Amino acid sequence: MQPIKKSIGIVNVSFGDDVQIVQPVNLYDCTIGSNCFIGPFTEIQRDVFIGNNCRIQSHSFICTGVTIGNGCFIGHGVMFVNDDFKIGKPAGDPTLWKKTTIGNHVSIGSNATILPVNICDHVVIGAGAVVTKDISIAGIYAGNPAILIRLLA
Amino acid sequence: MQPIKKSIGIVNVSFGDDVQIVQPVNLYDCTIGSNCFIGPFTEIQRDVFIGNNCRIQSHSFICTGVTIGNGCFIGHGVMFVNDDFKIGKPAGDPTLWKKTTIGNHVSIGSNATILPVNICDHVVIGAGAVVTKDISIAGIYAGNPAILIRLLA
Amino acid sequence: MQPIKKSIGIVNVSFGDDVQIVQPVNLYDCTIGSNCFIGPFTEIQRDVFIGNNCRIQSHSFICTGVTIGNGCFIGHGVMFVNDDFKIGKPAGDPTLWKKTTIGNHVSIGSNATILPVNICDHVVIGAGAVVTKDISIAGIYAGNPAILIRLLA
């Protein structure tokens, strides 16, 4: 049998002013604010909302359910998650997917993994960290699971 | 000097019915069962065998030596490994590469890393986990190295 | 608004003899030694220097500030880092980015994350490890953060 082959693209994306993209990328049905940079080998899914002045670096994946504020830096190879497999397998129904909200001026290090959580403003997530819980205090967090390393004033 | 430039593609792959692929992908000399989905920016190498009803999400890499059962979900940015560098460097000889077997209904979270192991049916691997040992009891495993978090009935 | 769309490519790269590349890749303003292999979905940035007889596997990202010796193996999905967000956000000024030096015969496992460090010759970094400190003793290191697992004679 021959498979059905589709291709990545930029489809139905609402862009602010002065956005730069390095293709290939797969962006669809999402909103990307002004003055953002989107690196190559990235995917941003349906209903994602990204604010202004953000950098989404190469190899990152932002799933449905994620909202990112202004002035955020998403490093290389960062993966967001909207399904925690709580029932022992994928939820199946997209209405069961969980949401992630990233505040303003949040910097996420490369290869970090972000489970469905809320992260407040002025947070740094270390490279390679796995964020499993909400973060409500400005600081630097790292490790698997991520824990507070240092407060940010 | 000019380098030798090759390109990715879909070469000598045996597909079941109703497979969907989002290109670009690099698939070669492997078998992919019916009703599977293969996301973009993925690579699946020689002699990999994937069963029916599986999803291989974007950015994942499945190396030679890996066999995946039916009804499995491989998240985004998941990396399989077939060489544990036991001699302090790559084995060199492909006959020394080690095998990985993934059972049925196994769900592997995004950015997880799977060393050469056997994983039984009905297992969840948490996002960002590093699986270093065989798993023979159905459950949810997470962390680096991955440990049992909760049994699945 | 329409974004500015650029595309990846191979621009201003100094290659040694007998280099093999599997496109798509994004390589610019860097030096790659003889007899190297560069896998697909990789990015190698400005001023990176890679020695001879190295393999840079698929999905890896090597940032400005990284120097890699001879006979090194960089696994799949490995991310290097040049900014530790010490000020609670990206440094902004590239002159503040930090350097990483990888010795000879270093093997880095897939999905590993390498903060700005120096790693001596004959080191193995386990798959999924996060290297946060200099390594000056030949051995196998793994975990998040990576620690010494076993010495290599």
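The contact between chains B and C takes 26 residues from chain B and 28 residues from chain C, where two residues are in contact if their C-beta atoms, placed from the backbone, lie within 7 Å. The model is a predicted one, in which local features need pLDDT of at least 70 and side-chain atom pairs count only at pLDDT 80 or more, while totals for chains, interfaces and linings use all residues. Residues are numbered from 1 along each chain as its sequence is written, and chains are lettered from A and ligands numbered from 1 in the order in which they are written.

On the side of chain B that touches chain C, the largest share, four residues, is contributed by strand β1 (residues 4-7) of chain B; helices (H or I, at least four residues) and strands (E, at least two) are DSSP runs, numbered from the N terminus. This side of chain B consists of 13 nonpolar, nine polar and four charged residues (Ala, Val, Leu, Ile, Met, Phe, Trp, Tyr, Cys and Pro count as nonpolar, Asp, Glu, Lys and Arg as charged, and the others, Gly among them, as polar). Strand β1(B) runs parallel to strand β4 (residues 20-23) of chain C and is joined to it by four bridges; two strands pair if DSSP finds at least two bridges between them. Within this pairing, B:Lys6 stands opposite C:Val22 in β4(C).

The contact between chains A and C takes 28 residues from chain A and 26 residues from chain C. Strand β4 (residues 20-23) of chain A gives the most to the side of chain A that touches chain C, namely four residues. That side of chain A comprises 11 nonpolar residues, 16 polar residues and one charged residue. Four bridges connect β4(A) with strand β1 (residues 4-7) of chain C, and the two strands run parallel. Here A:Val22 is placed opposite C:Lys6 in β1(C).

Chain B is superposed on chain C by a rotation of 120° with 0.0 Å of shift along its axis (RMSD 0.0 Å); this is the relation of a three-fold axis. Copies are superposed by least squares on the C-alpha atoms of residues with pLDDT of at least 70 in both.

B:Val123 stands opposite B:Gly139 in β21(B).
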